[in-house]
Amino acid sequence: MTGRTAGPSDLPRQIDVLIIGGGATGAGLLRDLARRGLRGLIVEKGDRASGTSGRYHGLLHSGARYIAKDIQAARECIAENRILRRIAPGCIEDTGGVFVATPDDPDDYVAAFGARCDAAGVPCDDVVLADLFRREPALNRRIRKAFRVPDASLEPWQLVEANLADARTRGSLALAYQ
Ligand SMILES: Cc1cc2nc3c(=O)[nH]c(=O)nc-3n(C[C@H](O)[C@H](O)[C@H](O)COP(=O)(O)OP(=O)(O)OC[C@H]3O[C@@H](n4cnc5c(N)ncnc54)[C@H](O)[C@@H]3O)c2cc1C
């Protein structure tokens, strides 16, 4: 559909799944269902991605922040991170991420960080502090250890639109302001 906003008259004759809300979850679900042969319809009360998805911090998690308290969440994060890099590379800026240990961080947390990342399948490399301070001059010089992980920046509007566009080519539809 081009040149105009979709409305109820564009409704496909048969809908298999009705999705309320056109944020990252709804748009991703619509695309996933469409690729499984199900025709979906999103009804969104505002603009697409106008809820949490358009206001979040923009971080594509590697899972590193969950390795101490929830290793399963860390595993799921790195799996989703890889999927998004494969299916939506244009929405991702590969900034990388660095976890730093401050003087106040517990020694056992810092000592176990690399092993915990390995256990969760989150790639993690030691960073040479002199290089990091050169790159990030404002960083506290009392930082005592740093680890590089595959965090990135994820642009939500492009992601939502790309998922909707793919779903539309398979007969699904998303209506805004409903
Ligand atoms: C401050 C903050 C920062 C975050 N930062 C990150 C981050 O850096 N990285 C990360 O991975 N996650 C982050 N998250 C989590 C992430 O933003 C959410 O998990 C994600 O956006 C949820 O998407 P959603 O589609 O489920 O919800 P939403 O984006 O909120 O979408 C729900 C949609 O439903 C619509 N809606 C509600 N009721 C109705 C109705 N009755 N009829 C029609 N439409 C309706 C709303 O208008 C909205 O558009 C953050 C969350 C917060 C709060």
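The model is a predicted one, with local features needing pLDDT of at least 70 and side-chain atom pairs counting only at pLDDT 80 or more, while totals for chains, interfaces and linings use all residues. Numbering runs from 1 along each chain as its sequence is written, and side-chain values use heavy atoms, with hydrogens and water left out.

The ligand has 16 residues around it, the closest being Thr-25, Glu-44, Thr-52, Ser-53 and Leu-59 (a residue is near if one of its heavy atoms lies within 4 Å). By type, this shell splits into nine polar, five nonpolar and two charged residues, with Gly counted as polar. Polar contacts (pairs of N or O atoms within 3.5 Å) turn up at several spots. The side chain of Thr-25 puts a polar atom 2.6 Å from a ligand oxygen, and a polar backbone atom of Ala-24 sits 3.1 Å from an oxygen of the ligand. On the nitrogen side, a ligand nitrogen is 3.1 Å from a polar backbone atom of His-57. Of the 1,000 Å² that the ligand exposes when taken alone, the protein buries 58% (Shrake-Rupley, 1.4 Å probe).

As for the helices (DSSP runs of H or I, at least four residues), the axes of helix 1 (residues 24-35) and helix 5 (residues 156-168) come within 8 Å and cross at roughly 25 degrees. Helix 1 is therefore roughly parallel to helix 5 (angles under 35 degrees).

Terms used: Polar contact = N/O pair within 3.5 Å; in protein donor to acceptor, adjacent residues only side chain to side chain. Axes fitted to C-alpha atoms, helices over the stretch in contact; angles between N-to-C directions. Helix = DSSP H or I, 4+ residues; strand = E, 2+ residues; numbered from the N terminus. Parallel < 35°, antiparallel > 145°, perpendicular 65-115°, else oblique.
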